[in-house]
Each structure stands twice: as structure tokens, then as C-alpha cells.
Amino acid sequence: MSEEILNIKNLTVDFGGVRAVNNVSITLEPGEFVGLIGPNGAGKTTIFNLITNAIRPTAGEISFKGKNILGKSPDRICQLGISRTFQNIRLFPQMTAYENVELGFHSEPHYSLAEAFVRTPRARRIEIDTRKKAMELLEIVNLKEHSHARASSLPYGLQRRLEMARAMATNPELLLLDEPAAGMNDDECNDLIKLIREIHTTMKYTMIIIEHHMNVVMDLCRDSRIYVLNLGSLLAMGTPTEIQSNPDVIRAYLGETKND
Amino acid sequence: MGYINTIIILGGINIIAALGVAILTGYTGLFTIGHAGFMALGGYMSAIFVKEFGVPFPIGILLGGTFAGLCSFIIGYPAFRSQLRGDYFAVATLGFSEATRLLLNNTRSMGESINAAESGIGMVFKPIGPLLVKLGGVFGYMSLPSPTNVFVVVVAVILALFFAHMFVTSQYGKNCIAISQDEVAAQMMGVNLLKTKMIALFVSAFYAGVAGGLMAFYFAYLTPSFFTITKSSDLLAAVVFGGIQSLIGPVITGFILVVFPELLRTFAEWRLIIYGFLFVIVMIFRPQGLLGYVEMNFEFARAWWNKIFRRKQNSQEG
């Protein structure tokens, strides 16, 4: 058995009197592609926020590559190799697509402040290198021709892709995708599935995807596992076929059937 | 001629301070109404270095700027640690600047009481007692050398603009811009908020300090009344009018805001009313400022150069 990359143990968080996440444990092995589904308000995004420490848990443990990351600041966690996208897109609106991606590379600047002021040959080389890498990423997500467009001026679907490219630029080992297919039609979903699968195989990321489009999740996780959350608790875990036939899951999504 | 020189010098000094505010407010999105405080700290410190320790004038100015930059950590570290943003940070800077001004107001009496001290805490500060008396409190720090002239100011403005451009286009500057646009996303993408904001504040305070130094060596004396909240709000006005995420905007307005009151001397009392009115107009019709998001660049010069150069090449080929 290979060593797990992410280990969440008995994670619990309360918002006031509401238990948003209740005793959730998730483990991921390197290179895995795991789905996270559940009805609205099940606590899926909250789990992402807990992993990246946007929210502090009430109880529980999170370790990444064997090291405890609980209480580390979000930027530190990002530097350690966890990156994410957001449910409601959070790009830098006035920056160009290229600048958005570039930021992921240099959020920890690669030269000193003094070098920034005089722009030594070394600093210039680093900048050219970063530019090349950012362009490569834009090419992967098919945004190269939009590289100089302002992020806010891009259509919705492209903004989602741009956000993925930006997350990839931080050179993560674990990539958290929060509803990448939200608001997309079937054709766009199919393109997205292809893109995400390509990213997963070429970049060797470990990935967790939150998604409401069942066909997207079932397709992407067909060789892997899906976790189902309901009302903050883990309801089920298994392969797509197991999940689809699990009576608890069906009940959570469709409600109770009354047998008179 | 002397009158025009005065306007150019005061305008240039204002431009340098406005560039500092542009880096902090325009690029990092942190509003400040306390940069007069950093100007005061830089001005007094460089005056002390040059007059009391005989440091050469340019080095004195740089030391003054560095001192102002270091002092910015006093307010920056606790404010950014506790994640003060927007108005709250602005109020913190205002408090810092007013505290600085009031301390300077009382240097003379502080120095006198230290000199008179026979025992206790006064003894600890005994060596700086005479210096504090010299600073003169409200009466001002008198008879400084005055090497600031048009040439010095123009060179300083060009250097300041060059280095500001270098900073905002560097990886550090781009991280600052990211923070101004979406702080949460920036942090999630790995930007260290505390460090990046402190760097922006340091550079910004350094600029203000240098402007203060130039001012000291132009007027040949310093009094705390130069550095009131009016000065700070003038600088903020320059950046808000000139445009956020722009260097050239604040440069132009920073200069105009000095020239205008000079030209309209008779309307001096009306100035603040006119400012307030203009503020409202700009905020309604152009919230990003007159030249907001217009990056200073030399693309036009490059295009021009290419045109000439290419034509030469073409004629060589042909």
C-alpha cells in the first residue's frame, strides 16, 4: 500500500449552532481522482475551505504528505502543494488571463526585492522563464489566444478554465476543483471532462472534484471512488456503480419514499 | 523664474510622495491618510543626518527614506497581522501620522526636561536631550542646508518614477496588484499577505520619507505644521484623481494639485470645497480615477523607434 497524500481524520466544524461538517474522514492516495458529491448544503465546499484553512475546524486532523497542516496559513498550505479553484469564480478581474496564470508561479517571488528594483539579468531570465511556463499552461487549457484579454471580459466557461490554469501554476500535488462544470451545457461538460482527464494523466496530480453534474462525476471517477456527503456527514463511499445503486444516496438526493 | 522654480520643486516633491501613495493605495489597495507622518519622519531624520552628522546630502535623504520605511513597520506589522483593511487601515495610518506630528510638536520641551533630569528615566535619554531641543518642537528645526534645487528634484523624480515602475512590474508588484483585486484568492494562490503588504508599505513610506527630506532641504527648516492631515489627504487625492493602478496618473495630478492652488491663490480657502466637489464627481463618473488602470508604458516610443529602425532595415534589404 502506498502512503496516503491526504489524510483527514474525524473533521468537525460548527458554525454557531450548526454542525456543517460532522466527523468526516477521507484518505487519498497519490495520483487518485476522487469525487465529492452531495445535495446542496452538504458541506462539500466547507471541506475544501477546511483543507486550505480558509476556515478553522472545531475538531479533527488534516495531514498532507504525512505532515500536519492544521493551523498553517492558506498561503503556506498553497506553497506546500495544495491548490484549488472556487465555486464562485475568484479570478483577479482586472488582470489579463496571462497575468492571472503568471501569479500562480510567482506568488512566492523568485528574486529578491533589490533585484526587483534594478531588474538584474538573473531576474529578467526568471521572468522570461515564468512567461514561457505560463503560456504553456494557457495552451493546455486552450486559452492561448485569449492571453491578453482581461479576465473579467472572458466568457464564463473560459473563466473556469483560466481558474484551473491558475491553480495549476502554483505547482500543486493536490488539486481541489470546486464545481468546474457548474452552469455548463452537455457539450461544454464533455470538453471539460476531456480536459480534466488530460490534466490528471499528464500532470500526475491527486485531485478531488466537487460536482453536481452526475454524468461528469461518474465519468471522471469511473476507475476511482466517490464520497457522498449529506448534512455534513459521510453517507457513502465507493465506485460510481456502487454509489448509483446505494439506497441511502438515492434517498438523500430524491427524498424518502412512503410505503403505505 | 524663481516662482516657476518653486512650483517645479514643490510639484516634484509632491510627485515623489504621491508615487509612494500610488504604490500603497493604487497598487496594493490599502488606503492611507497618514503619509504626511512618513514624510515628517524622513524629513527630520535626513535633516539630522546631514546637519548634525555631516552626512552628504543624497545619502542623508536615502537614510531618511529608509528610516521612514522602517518606522512604517511599527504601524504595518500590527495592522496587517490583525488584518485591518479599508477604512480601518486608513484610520490607523491617520493615527500614526498624527501621533508623529504631536511628538515632533513637543520635542523641545521633552529635550529640556531630559536635560534638566537628575535621575530616573530621563538619564537614559540624556544623550539625545540636546538634539531634541535643537529639533525645536513647534518652533521648527532651523537653519538647515538647502541644496535642493530644480535639477536635484527633476533627477529625483525621474529616478523615483523609474524605480516605482520597476517595482510595480516586478513579481512583488504583481503580487500587490493581486491583493488589491482579491485578497482571499491571492492568499489561496500562495501570496503571503503580511509580507507583501509590509513590503508595499515599506517602499511607500520610503518614497514619502525621501519627499520629506527634499522638502527639508528646500525650505531650509522644518516644522511639524508642514505635515498635517491636509498634506496626507492631498496625496491621497492625487492618487484617487490620478487613477488606481497607474503611475502616470498620480504623477500628473500630484503636480497639478500643487500648481492649481498656486495659480488660484485668491481661492485658497475654497480649495478644500472644490476638492470635495471634484472627489464626488470623479467617484461617480470614473471610480477608477482619471487614468485608472492605464499603465505607464513606453510602447508608443518603442513603436516609433521600430518604425524608424524597420524602415532602415527595409531600405537595407531593398
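Author: In this predicted model, 11 residues of domain 1 of chain A are in contact with 10 residues of domain 2 of chain A. Chain A is divided into domain 1, which covers 1-81 + 172-260, and domain 2, which covers 91-170, and the centres of the two, taken over C-alpha atoms, are separated by 27 Å.

Reader: What makes two residues count as being in contact, and which elements of domain 1 of chain A supply the side that touches domain 2 of chain A?

Author: A pair is in contact if the C-beta atoms lie within 7 Å. On the side of domain 1 of chain A that touches domain 2 of chain A, α2 (74-80) and α7 (186-203) of chain A each supply at least two residues, and α7(A) gives the most, with four residues.

Reader: How many residues take part where chain B is in contact with chain A, and which element of chain B gives the most?

Author: Here 23 residues of chain B are in contact with 25 residues of chain A. Two or more residues on the chain B side come from each of α8 (150-168), α9 (171-181), α10 (183-188) and α11 of chain B, and α9(B) gives the most, with seven residues.

Reader: Why are α5(A) and α6(A) called oblique to each other?

Author: The axes of helix α5 (residues 121-140) and helix α6 (residues 156-169) of chain A come within 9 Å and cross at roughly 140 degrees. Angles over 145 count as roughly antiparallel and 65 to 115 as roughly perpendicular, while the rest, apart from those under 35 degrees, are oblique; α5(A) and α6(A) are therefore oblique to each other. Their crossing is right-handed, and Ala134(A), Leu137(A) and Leu138(A) in α5(A) meet Ala165(A), Met168(A) and Ala169(A) in α6(A).

Reader: What makes α1(B) oblique to α13(B), and which residues meet there?

Author: Helix α1 (residues 2-27) and helix α13 (residues 248-263) of chain B pack at an angle of about 140 degrees, with their axes 8 Å apart. That angle makes α1(B) oblique to α13(B), and the crossing of the two helices is right-handed. Among the residues that meet are Ile7(B), Leu10(B), Ile15(B) and Leu19(B) from α1(B), and Val251(B), Gly254(B), Phe255(B) and Val258(B) from α13(B).

Reader: How do you know whether Ile15(B) is buried or exposed?

Author: A residue is buried if 20 or more other C-beta atoms lie within 10 Å of its own; Ile15(B) has 27 such neighbours, and therefore counts as buried. Ile15(B) has its place in helix α1 of chain B and touches Val157(B), Val251(B), Gly254(B) and Phe255(B), not counting residues up to four places away in sequence. Its C-alpha atom is separated by 8.4 Å from that of Ala211(B), although Ile15(B) and Ala211(B) are 196 residues apart along the chain.

Reader: Which residues have the most contacts inside the largest nonpolar core, and which helix gives it the largest share?

Author: That core has 162 residues, and those with the most contacts inside it are Ile16(B), Leu19(B), Ile23(B) and Tyr207(B). The largest share, 15 residues, comes from helix α11 (residues 193-219) of chain B, and the core also draws at least three residues from each of domain 1 and domain 2 of chain A. Ile23(B) touches, among others, Ala164(B), Phe167(B), Val203(B) and Tyr207(B).

Reader: Why does Lys204(A) count as exposed, and what makes Ala220(B) partly exposed?

Author: A residue is exposed with 12 or fewer such atoms, buried with 20 or more, and partly exposed in between. Lys204(A) has 10 C-beta neighbours inside 10 Å and so counts as exposed, whereas Ala220(B) has 15 and so counts as partly exposed. Lys204(A) is found in the loop between α7 and β8 (206-210) of chain A, and its phi is near 60 degrees, a positive value in a residue other than glycine. Ala220(B) lies in the loop between α11 and α12 (229-242) of chain B and, although not a glycine, has a positive phi of about 65 degrees.

Reader: Why is Thr12(A) called partly exposed?

Author: Thr12(A) has 17 other C-beta atoms within 10 Å, and is therefore partly exposed. Thr12(A) lies in strand β1 (residues 6-15) of chain A, where the residues it touches include Arg19(A), Val21(A), Pro57(A) and Gly60(A).

How values were computed:
Residues numbered from 1 in each chain as written. Chains lettered and ligands numbered in written order. Predicted model: local features only at pLDDT ≥ 70, side-chain atom pairs only at ≥ 80, totals over all residues. Core = buried A, V, L, I, M, F, W, Y, C linked by C-beta atoms within 7 Å. Domains from an automatic or database assignment. Axes fitted to C-alpha atoms, helices over the stretch in contact; angles between N-to-C directions. Left-handed = near helix turned anticlockwise from the far one by under 90°.
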